[in-house]
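Me: Could you walk me through this structure, step by step and in plain words?

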Amino acid sequence: MTDLIPVGFVFHQSNLQAFQNCRFSFLLRYIKKLPWPAPLAARSSSFEQDLLAGSTLHSLIHQYFLGIDPELLVSCAQNFPDARVSGWFDNFLASKYAKITDNQFSEHSLQITLNGSLLLAKFDLLSFDSNTLQICDWKSSQTMPKRQFLQERVQTMVYALVAARSLPQAPRPITMHYWEAGFPDQPIIFEIGDAQLRKYEETITDLITSIRSLRVEQFERTTNLKKCAYCEYQNYCARSGLQGDEGSFHDWFEIGLSELQGKN
Amino acid sequence: MKEFLSITPDNLQEKTADFVGNPHLFISGPASSGKTSSALLRLRQILSSDSRSTTLVLVPQRSLAEPYQAYLRTHNLPSSQQVSIQTMSSIVRRMIALFWPLIANRQVFRHPFEPPRFLTLETAQYYMAQIVNPLIDRGHFATITLTRNRLFSQLLDNLNKSAIVGFAHTELARRLKSAWTGDQSQLVVYDDVQLAVNAFRQFCLEHNLLDFSLQVELFREIIWPNPTFQKYFQNQYQHLIYDNAEEDPPYVHDVVASWLKNLQSTLIILDEGGGLRSFLGADPASAAKLASHFKTRLQFEQNYVVPPAIEALLGNMQSSQAQKLPLSTISQALIITSKQPRFFPELLQSISQDIVGLIHNGTPAQEIAVLSPFLSDPLVFELSRRLSTAGIPTQSLRPSLALKSNPHIQTVLTLASLAHPDWQQPPNLYQTQSALSIAIPRLDPLRARLILDQISPNKTVTALPAVETLPEELTKRIPPEVLLQVENLRLWLGAADPDEPLDYFISRLFSELLTEPGYGFAENQEAGEHIARLIQSYQKFKRPLAADQNADASYLGREYVKTLSQGLLSALYLPEEEIVGEQGVLIVPVMTFLMQNRFVSHQFWLNLGSKGWYERLEQPLTHPYVLNRQWQAGKKWTTDDELALGRFNLDRTLVGLLRRCSGQVHLCTSDYGEAGIEERGMLLTWAQNLFRSALREEQND
């Protein structure tokens with residue numbers, strides 16, 4: 001163990017995913033907190049617009065679960081400058097996820113201690129009854145992500161693990177629903193049983209232990225240059241102008257969205 | 001800084017910690033009497049016995065939350081997530097965004113269902129300028145000699161006062177006039193104030209703009225009473241710890257008072273010597289009235305910090321009896337140098353030596369604070385440098401990163417102006433000369449000037465000259481590779497797309513050119529940090545403006561640079577006052593220290609002769625004490641009131657500082673102060689009188 005990670009440091013899906021993508025970017029962003037000019041032009045001209053639209057959709061759904069009159073929300077969505085938001089919100093209202101029941105927690109945070117480290121998850125919607133514990137995550141991707149891609153995400157593991165450990169009496173299996181607002185009829189659902197949870201716990205514990213054990217020089221730059229394409233530190237590492245892939249775009253979009261929503 | 005929880009709890013503290021036995025509790029007492037320690041004990045009990053419920057720790061300013069944050073940080077509790085540390089301003093801002101549809105439904109705004117556009121202080125000033133500049137051109141505010149940004153900020157301050165105190169903004173002029181006793185021409189100025197704030201508010205309502213005052217009004221009038229909001233808020237928090245209630249304005253007390261009945265437990269803490277932020281609307285009298293809602297009230301009197309000599313001094317200051325203190329007691333509490341230095345740099349030298357001596361004798365560096373009403377960046381730099389030479393770490397407020405004077409930022413903005421002739425804000429010769437030699441370090445300022453002399457007869461620069469057009473006698477004096485860099489820079493700027501957003505432009509300029517080998521920002525971490533903050537500043541600036549009609553990239557870039565040059569954006573957007581540096585000697589303004597909720601062994605007081613210890617800022621357009629809930633309608637603000645306020649402020653500051661000192665205070669003064677002049681303010685006189693009369697007494701004995 002080194003003393004690089006301060007006492008009280010909170011691990012969450014964004015910083016763990018960032019570490020998996022590039023140890024050096026984790027060090028700069030979450031430990032040193034170094035501000036650096038991001039390669040804005042590399043991120044596509046609509047990056048900010050997409051972030052704002054995604055964040056607004058999250059707010060509207062949150063407001064819906066708070067009990068604000070849906071008609072008011074529809075009016076707000078229709079007056080939002082980006083027309084996609086209104087369509088997405090209509091899709092949501094028409095979906096099975098708009099059903100209001102007891103024990104629903106929208107934009108809800110839970111935190112556990114895992115092997116001495118704090119692990120946080122902020123859920124878009126957490127709901128449970130005597131039979132199910134359901135985690136929902138709203139997405140506004142332009143293309144439908146692959147099931148395999150989501151299955152391997154740190155987010156899937158962290159959310160399921162934190163929900164299960166925070167609510168030990170909750171029913172099994174846990175279901176994790178990724179609902180894409182642009183593809184409302186194709187939710188990607190994972191059923192997570194106890195065996196899977198144990199694997200997740202092991203993976204995340206190993207990941208955190210590994211982070212805690214590294215010395216500064218061991219936070220190395222990724223060798224997968226596609227991960228650098230949208231990274232704010234690409235210029236710091238003299239890795240400007242690289243081509244990215246959908247996965248790295250997704251990562252930076254998720255980080256941006258979390259920051260806009262104040263989740264991290 | 002000592003651990004708050006290291007203090008052994010006494011009976012009062014145990015009572016305070018017991019949130020089951022005493023669910024609703026109001027405690028008051030002077031600083032350093034263990035109130036916050038008790039609150040931490042209570043928080044610990046809540047977290048350990050009720051891990052599912054959520055506690056709101058409400059503080060007037062984030063710095064006052066440090067003991068709570070430190071507790072949560074160091075105890076690594078999974079339930080730390082169940083504690084939310086907030087100021088009421090941050091709650092108001094978030095709740096307005098979350099419950100905006102409820103406001104939309106009330107049709108307050110012209111386009112109610114469009115999203116709100118939140119204003120920062122800087123962007124509010126920007127829009128205020130749009131309203132007030134034409135008024136000034138028409139002759140309003142003619143007798144006022146303030147800079148424009150101070151004028152705009154005082155107008156906004158008036159609006160804020162009406163919202164936080166709780167009266168209609170349309171009453172501002174009437175209230176200000178009713179207390180005025182001076183020249184009658186000032187009454188016209190108050191009419192101008194009313195005209196400007198009315199027009200500003202109307203403009204905000206037409207464009208969905210929300211400055212701080214409008215946020216507070218909407219929260220109080222629409223959000224807070226709404227049942228949907230109330231249901232949400234009751235579910236959010238079950239326990240409340242409200243520390244330093246005296247530093248908040250009355251609207252916060254109103255909100256808290258009406259919330260009490262719905263909470264499982266409440267602890268309200270009042271610091272009796274507080275109200276330090278009165279000029280910002282803090283109202284200790286309003287806070288004290290919260291006590292009437294509580295059956296259980298505890299008075300804290302025990303002193304956990306102050307040594308006997310300072311205790312005696314405090315007793316003497318607060319007593320109406322004119323009993324003299326012995327010189328030996330005063331000398332134990334207050335240290336003065338045997339020989340007063342003549343000039344300020346000598347004083348800094350002497351302070352550094354004293355601090356080195358204290359540390360050699362075992363005082364931890366973080367137990368020492370150097371305090372002054374105002375601290376200039378050069379003073380902090382010089383003192384830090386001297387201490388650093390002796391291996392002593394220092395902490396101070398994050399230095400303001402002045403946009404106009406930061407060389408990295410100035411370089412980028414100058415180059416941006418050159419790349420955007422459509423802005424019609426060409427940089428001057430000196431700015432361009434400096435930017436060139438910073439962007440290309442091998443091009444010294446002299447040669448940069450020679451290049452620019454070829455094209456700027458009228459002292460402004462609209463574009464860089466092509467290298468091929470430069471005379472041979474000049475190009476012979478500059479290495480070819482440097483000329484190539486100049487040419488590359490020119491071509492790069494010339495190829496800029498006028499429709500590219502300024503933040504994108506800056507990001508590309510930084511990564512495509514300025515960090516390339518041979519250019520000025522290559523391997524320069526500081527430059528990277530500064531440019532990142534510049535981009536952040538622009539992005540915050542453009543957020544509310546982007547929805548304006550015709551607000552294309554060119555317009556936004558031009559407005560940003562123009563606003564900056566007018567001084568409305570004097571510094572980068574930074575979080576609330578933030579103390580940076582590794583744990584060490586603290587060098588901060590007095591007010592910052594008092595709002596840190598901490599105590600130290602040794603305080604060094606600088607600039608004793610300054611009136612900044614007690615005088616309020618000159619504010620001809622507003623008045624924090626007249627626009628106050630405690631102000632009696634119709635009463636006049638007189639010179640006597642002003643003098644009494646000065647004395648009151650000085651007393652409160654001295655008591656506040658002394659109660660946060662567990663060792664000694666070092667009074668540091670030189671013949672000539674930091675500004676090079678002799679100052680004779682009330683604090684210096686108080687200290688001199690104290691010693692003189694004790695000396696006289698001793699000699700008489």
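Me: How many salt bridges are there over all chains?

Reply: A search of the whole structure finds 31 salt bridges, a salt bridge being a side-chain nitrogen of Lys or Arg within 4 Å of a carboxyl oxygen of Asp or Glu. Please keep in mind that this is a predicted model, in which local features need pLDDT of at least 70 and side-chain atom pairs count only at pLDDT 80 or more, while totals for chains, interfaces and linings use all residues. Residues are numbered from 1 along each chain as its sequence is written, chains are lettered from A in the order in which they are written, and side-chain values use heavy atoms, with hydrogens and water left out.

Me: Which residue does A:Arg29 meet in a salt bridge?

Reply: Its partner is A:Glu232, at 1.9 Å from N to O. This pair links distant parts of the chain, 203 residues apart, as A:Arg29 lies in helix 2 of chain A and A:Glu232 in the loop between helix 8 (194–213) and helix 9; helices here are DSSP runs (H or I, at least four residues), numbered from the N terminus.

Me: And how many salt bridges are there between chain B and chain A?

Reply: The count there is 1, and it is formed by A:Glu48 with B:Lys542, whose closest N and O atoms are 3.3 Å apart.

Me: Which element gives the largest share of the side of chain B that touches chain A?

Reply: That is helix 24 of chain B, with 9 residues. The contact (heavy atoms within 4.5 Å) takes 36 residues from chain B and 37 residues from chain A.

Me: What about the area buried between the two chains?

Reply: About 3000 Å² is buried, and carbon and sulfur atoms give 63% of that; buried area is the accessible area (1.4 Å probe) that two parts lose on being put together, summed over both. On the side of chain B, the residues B:Asn76, B:Phe113 and B:Tyr504 supply 22% of the area that this chain buries against chain A, more than any other three residues.

Me: New topic: how much space lies in the second largest cavity?

Reply: About 130 Å³ lies in the second largest cavity, a cavity being a set of points on a 1 Å grid over the protein atoms alone where a 1.4 Å probe fits but cannot get out. Of the 16 residues that line this cavity (an atom within 4 Å of a point), those closest to its centre are A:Cys22, A:Ser25, A:Lys227, A:Cys231 and A:Trp252.

Terms used. 1 Å grid on protein atoms, 1.4 Å probe; cavity = no way out; pocket = protein on both sides within 12 Å on 5 of 7 lines; lining within 4 Å. Points joined across faces, edges and corners; volume = space filled by probe spheres on them. Helix = DSSP H or I, 4+ residues; strand = E, 2+ residues; numbered from the N terminus.
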